[in-house]
Amino acid sequence: MGRSRRKSRPTGDAGPIPTADHCGISRATSVMGKDLVVSTDKTPSTTVTDVTDVTERLSRPSDDEIATMDAWWRANNYLTIGQIYLMENPLLRERLSSEHIKPRLLGHWGTSPGLAFVYAHASRLIRETGQETIYLAGPGHGGPALVAAGYLEGTYTEIYPHVTSDEPGLRRLFRQFSAPGGIPSHVSVPTPGSIHEGGELGYVLVHAFGAVMDNPDLLALAVVGDGEAETGPLEGSWKGISFLNPARDGAVLPILHLNGAKIAGPTVLARKDPSEVRSLFEGHGYRVIEVTGDDLPGMHRRFAAALAEAWGSIRGIQAAARGGTWDGARPRWPLIVLRTPKGWTGPDVVDGVQVAGTWRAHQVPLSGVRGNEDHLRVLESWLRSYRPEELFDETGAPTELVRRANPAGDLRMSASPHANGGRLTRDLDLPDFRDYAVDVHDPGATRGESTRKLGELMRDLYRRNPDRFRLFCPDETNSNRLGAVFEVSDRAFAERVTPEDVALSHEGRVMEVLSEHNCHGWLEGYTLTGRHGWFATYEAFAMVSASQTIQHGKWLQEAANLPWRARIPSLNILLTSTAWRNDHNGFSHQGPGLIQNVITQRGSVGRVYLPPDANCLLSVADHCLRSRSYVNVVVIDKQPQLQWLSMEQAIEHCARGAGVWPWAGTDDGTADPDIVLACAGDVVTMETVAAARILRERLPGLRTRVVNVVDLMSLTRPKDHPHGMADTLFRELFTDQVDVVFAFHGYPGAVHQLVHGRPDADRFRVRGFIEEGTTTTPFDMVVRNRASRYHLVMDAITNARRTPSGASELTAWCQQQLARHHAYVVEHLEDLPEVRDWVLGDWAEPA
Ligand SMILES: Cc1ncc(C[n+]2csc(CCOP(=O)(O)OP(=O)(O)O)c2C)c(N)n1
């Protein structure tokens, strides 16, 4: 450490540009830090060939064009550093002093110059081609660079007029960054042009691929951090091209930014020999284009050529597919590997220690500026090295030299309507969900596979909305009984299709990939750019992508505070193959954890629905598809299940969120019941209704009331969530003193959490999933978790306000029934017939 290295400086604006000193990989890597492995391979994996006139021109920027891009880049770097360090003296009108420095230096410099470099070049591409482009910064901690980009493009001032395009505006821009009452340090929701915060690393490509699906004119530039590239979700997301159709979808251009380091050490891909990196991505099906170095203006020339080559190749692929000359083979989409030093153009050596090109450049390369005169002087000369006097005029506005780098209007990446997807959202052409109703004459008399009905509704959504609805599912569309969609659309697949494959083609639009991260992220990208969809998954494996659900919820929550962000279609998540009926599988497949995550999130974005049957599911689904900017979690099993409500009843029940099922209990509503039997979730609803029936038959003196909850958030107080039911309704359903035996689909703690603050909340006795799982019979699952009808009956007796005669005999009978169950399932490997075939109508007391 401590070895000083040659360091380049930004170029001048309009002066003569030195000839590009083309460096091979070996030379370029040698300036990036001693830690980097140096390759002697000088052969680029692709050459600039077969390009149109436009790409030819793009690939050879004039000196003037380079000067323009370089000025914009310098301005961006200057603004980035200003945001991290300065609270006064934004244009260095006076000698920098410690009073100008923020007391807390928060932000990330290391990735920012690379992000801004790519941005400057992308803007030139857009200016020359009119290409609609969005920019996704995987390392979203480079927030100041993207804020600066929006500011230089004028978008920032258009959205936030108080951040003016002059010296006072610059001061505000700097002061607000990473500051109380200001903006966060990442490419977060307030950043114009962003659909991707990049806070939790790993999702940049899934967002990019989701954004371009059914978006044929869009190019998503996705900068992937080399640290980010070590995450599981990112590693899995390179496969996006295997699902892209060049005729119908737009394109993703990944730019893998190998700046060599993450927070505290080197990255795997940066330390690999470039030939290995190339092989890796060629293996994924990409055409790898490499640009390496820190020399200027050589880097401008080489990157311009690389971008031109990538764009030309994208347009070539699309032209062939759209012009009918595509042979159907999965195209080899371009990918740029960009090697630059971390903290490029920043302080090289600080206190005798190498900073630029190392992990030390990650956050704030000069940390002691306020109390360290040497650091202060280094900071000042660093800022002055960008020659701000050429970049900002006497009023503080960006000069013409800088501004001419910007594309116009909506083509500015910070102003792209695609990145404010609500602006482009078209409502779904929705079929009438009542048309898919299950005929229910008597409650609990017939069985049906509820999700099959939803599949039929989705089939017709595909039919009516071929450009704006998709289902995303990790390989389980059929298993989850949603297979009706295949009557209209195949699964999307861009790899080889064989005659044995079923419902699989290039034209397909049902998204099946065995990655919850990809499915979830693609749907996020799809909805963030204004289109609609569902993510359907096994309930337990929703936990694989639970963090994405939480992150997206945060995004929506923050977006709701920004009037300029138009509301986008909701993220709809169907959890099926649930904990209670995962028949083929076992404990690993049993986990209702996502409910807990969603109800725990602050704010009003999350909604959890537990429809007990098909008609309720249809009503809830219709509501979710019409809603905007929510995370809707819908939980229902795929197995045949008892149907309770007619469509009219279901609509009314779902609209209220919760209600009494008078036919299930014995309470006539004239006085408080002795016990309330409440339920939320399909399987436990059946157990509750069965328990109420047992009580009616065997303990007729006990007044029971059955309450079913569809909208879980309705249990909360209105001040805690917009769905929270009014106090009067809560008392109407649950009284304010009668004990409630609550059978819940998920973990019991969730109900306690939700009813917190309601009258005498301690009276809720909750049964739910208590992690007693295995591969066993359906009824054995509820028995193991003490949520069976017999457990509920015993709970009702224990907690009822009165104990009618016969109660202790009934308790003993329940215990006998449980003993019978245990003996029977072990002997016969299935449930007792009176349980297995139980329906409400013909319940018969066993002999
Ligand atoms: C999933 C996740 N894990 C850890 C972090 C903490 N973190 C923030 S930045 C960073 C390093 C990122 O390195 P890289 O992607 O190479 O970005 P760059 O070097 O360009 O800053 C880490 C580990 C995170 N943000 N997200």
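These notebook entries record what I looked up in a predicted model.

**Entry 1**

I began with an open sheet of five strands, paired in parallel and ordered 1-2-3-5-4. I noted strand 1 (132-137) and strand 4 (286-292) as the edge strands, each pairing on one side only. From one strand to the next, the twist averages 20°.

I then examined strand 3 (residues 251-258) and strand 5 (residues 333-339), which run parallel and are joined by four bridges. Within this pairing I looked up His257 and found its bridge partner in strand 5 to be Leu338.

I also followed helix 4 (residues 112-129), which lies across strand 1, strand 2 (218-225), strand 3 and strand 5. Its direction is at about 175° to strand 1.

**Entry 2: helix 16 and helix 20**

I next looked up how helix 16 (residues 450-464) meets helix 20 (residues 614-626): their axes come within 8 Å and cross at roughly 35°. The crossing is right-handed. On the helix 16 side I listed Ser450, Thr451, Lys453, Leu454, Leu457 and Leu461, and on the helix 20 side Ala614, Leu617, Leu618, Ala621 and Leu625. By class, I recorded eight nonpolar, two polar and one charged residues in this contact.

**Entry 3: helix 19**

Which residues of helix 19 (residues 593-600) are buried? I found Gly593, Leu594, Ile595, Val598 and Ile599. These buried residues pack against helix 18 (546-559) and helix 24 (749-755), and also against strand 14 (571-576), strand 15 (606-609), strand 16 (631-635) and strand 21 (740-744).

**Entry 4: salt bridges**

The count came to 57 salt bridges, and I inspected several of them.

I found the side chains of Arg93 and Glu167 in a salt bridge, at 3.1 Å from N to O. Arg93 lies in the loop between helix 3 (63-85) and helix 4, and Glu167 in helix 7 (residues 167-176), so the pair ties together parts that are 74 residues apart in sequence. Arg93 is partly exposed at 49% relative accessible area, and Glu167 is partly exposed at 22%.

Arg626 is exposed at 52%, whereas Asp622 is buried at 8%.

For Asp795 and Arg767, I recorded 2.6 Å between the closest N and O atoms of their salt bridge. Asp795 belongs to helix 26 (residues 789-799) and Arg767 to strand 22 (residues 764-767), so this pair ties together parts 28 residues apart in sequence. Asp795 is buried at 11%, while Arg767 is partly exposed at 23%.

Finally, I noted a network of salt bridges linking Arg95, Glu373, Arg377, Glu380 and Arg384.

How values were computed
Residues numbered from 1 in each chain as written. Predicted model: local features only at pLDDT ≥ 70, side-chain atom pairs only at ≥ 80, totals over all residues. Heavy atoms only, no water. Pairing = 2+ DSSP bridges. Helix = DSSP H or I, 4+ residues; strand = E, 2+ residues; numbered from the N terminus. Axes fitted to C-alpha atoms, helices over the stretch in contact; angles between N-to-C directions. Contact = heavy atoms within 4.5 Å. Left-handed = near helix turned anticlockwise from the far one by under 90°. Nonpolar A, V, L, I, M, F, W, Y, C, P; charged D, E, K, R; others polar. Buried < 20%, exposed > 50% of the residue type's maximum accessible area, 1.4 Å probe, protein only. Salt bridge = Lys/Arg side-chain N within 4 Å of Asp/Glu carboxyl O.
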